[in-house]
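Hi everyone, thanks for coming. Could you bring the structure up on the screen, please? I'd like to walk you through the spaces inside it.

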Amino acid sequence: VTISAIQFHPVKKPLKQPFLTVLQQVEAREATIVTLRDADGFEGYGECVAFDTPWYTEETVVGSRYVMEKVLAPLLIGQPLSEPADADSSFSAVKGNHMAKAGVEMAVWDLFAKRAGMPLHQFIGGTSDLVPAGVVVAANKNDIEKDIKQAVEHGYRRIKLKISPASDVALLENAVKNFPDTIFYADANGSFSGRAQKELTLFDGVGFSLIEQPYGDQEWHLHREARKAMQTPICLDESITCLEDVKHMVEQQAGDIIVLKMGRLGGWAETLKVVEYCRQEQVGMWVGGMIEFGVSKAHNLALASLPEITWTGDFSASDHFWKKDIITPSIRVEQGKIKLSKDAGIGYRLTL
Ligand code: OSB
Ligand code: MG
């Protein structure tokens with residue numbers, strides 16, 4: 001297989017509602033859709049999930065476009081690929097820039113699945129075509145119950161609440177108790193960094209199934225201490241940028257569960273290595289969200305179809321963030337689940 005052309009399509013859309021985290025208030029999303037084509041006319045689609053400024057990772061929309069166009073595309077075009085993992089290998093001389101790499105690499109995996117005439121989820125070994133949905137409630141303290149109620153009415157059975165040392169623990173505890181059939185995760189985005197451990201352990205009794213990234217990316221020892229002090233499983237997101245980081249987490253006993261984000265890990269090849277390692281080491285896994293458009297979401301849904309991935313991920317419907325997504329059909333949540341497409345590759349067409 002030889003990639004003969006790559007195109008980059010900027011997209012920008014306002015969110016229906018601002019997405020609040022301790023790091024950033026996101027009101028609009030800018031991303032880059034990657035389309036590539038091989039000599040036989042097959043196509044593949046990817047999406048680069050870097051944000052416009054480096055508030056979540058170092059990469060940016062503008063920087064990742066430069067790397068994709070000027071560095072990665074020339075390494076890929078004209079190179080014979082015998083399997084999709086060869087795309088990642090062809091980028092091996094390029095340091096970092098995982099989101100740029102993933103944007104291009106994921107399109108290659110889509111193209112290979114399309115050549116094989118298989119849905120991407122089957123192509124990578126997925127066994128389920130129904131993926132449980134999960135949504136993030138990044139609400140202000142006071143109207144948290146209203147947002148939870150609305151999410152439950154939309155069919156979500158797993159809700160992730162954004163927390164910080166400023167969160168009202170009693171209010172959260174009450175909210176979680178009032179929805180006994182809903183699974184709650186908490187995501188701190190590193191906001192307990194520099195705080196006394198007891199500020200975090202206060203949240204142990206809330207009833208969260210896990211607490212995601214209480215401390216900073218590199219604060220492995222603090223995550224290790226938190227894990228020893230708490231009943232609630234510790235889950236790492238920002239800390240996990242490659243397989244070596246997962247190995248480090250296990251050696252340091254710094255976490256029980258990880259969030260898989262193909263953008264942060266650099267694409268399918270590295271992610272599938274991480275999945276295999278976590279399966280062997282019995283590390284829990286789920287697929288995280290990046291407030292992304294449908295192309296990235298479709299890749300994530302394929303990933304979540306793997307039998308090793310047992311925790312529910314950040315999977316909201318197309319109409320959760322967007323008035324109109326960039327794919328057709330749009331992603332819908334029915335009875336708390338998303339049905340995967342039977343069509344080849346990611347299974348969705350672009351409506352850019
Ligand atoms: O920390 O998981 C995070 C969105 C953007 C950047 C970081 C994170 C998030 C989310 C997921 O919380 C939101 C989603 O896409 O469902
Ligand atoms: Mg997170």
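The largest cavity holds about 210 Å³ of space. This is a predicted model, in which local features need pLDDT of at least 70 and side-chain atom pairs count only at pLDDT 80 or more, while totals for chains, interfaces and linings use all residues. Residues are numbered from 1 along each chain as its sequence is written, chains are lettered from A and ligands numbered from 1 in the order in which they are written, and side-chain values use heavy atoms, leaving out hydrogens and water.

What do I mean by a cavity? On a 1 Å grid over the protein atoms alone, a cavity is a set of points where a 1.4 Å probe fits but cannot get out; a pocket is an open set with protein on both sides within 12 Å along at least five of seven lines; and lining residues have an atom within 4 Å of a point. Grid points are joined across faces, edges and corners, and the volume is the space filled by probe spheres set on them.

There are four cavities of 30 Å³ or more in the structure. Around the largest cavity are 22 lining residues, with Phe19, Lys162, Gly289, Met290 and Ile291 nearest its centre. By class, nine are nonpolar, six polar and seven charged. Here Ala, Val, Leu, Ile, Met, Phe, Trp, Tyr, Cys and Pro count as nonpolar, Asp, Glu, Lys and Arg as charged, and the others, Gly among them, as polar. And where does the largest cavity lie? Domain 1 (3-117) and domain 2 (122-350) both contribute to its lining, so it lies between them; the domain bounds come from an automatic or database assignment.

Now the largest pocket, at about 690 Å³. Its lining has 25 residues, and Gln17, Val136, Asp147, Gln150 and His320 lie nearest its centre. Of these lining residues, 14 are nonpolar, five polar and six charged. Both domain 1 and domain 2 give residues to this lining too, so the largest pocket lies between them. Which element gives the largest share of the lining? That is β1, with five residues. Helices (H or I, at least four residues) and strands (E, at least two) are DSSP runs, numbered from the N terminus.

Next, ligand 1. It has 18 residues around it, and Lys160, Lys162, Asn189, Lys261 and Ile291 come nearest; being near takes a heavy atom within 4 Å. Look at the side chain of Asn189: one of its N or O atoms is 2.7 Å from an oxygen atom of ligand 1. Lys160 has a polar side-chain atom 3.0 Å from a ligand 1 oxygen, and Asp187 has one at 3.0 Å from an oxygen of ligand 1 as well.

One last stop is the backbone. Most residues other than glycine have a negative phi, and most peptide bonds are trans. Gln253, though not a glycine, has a positive phi of about 50°, and Gln253 sits in the loop between α9 (243-252) and β10 (257-260). Thr328 and Pro329 are joined by a cis peptide bond, with omega about -10°.

Technical notes:
A polar contact is a pair of N or O atoms within 3.5 Å; within protein, one must be able to donate a hydrogen and the other to accept it, and residues adjacent in sequence count only if both atoms are side-chain atoms.
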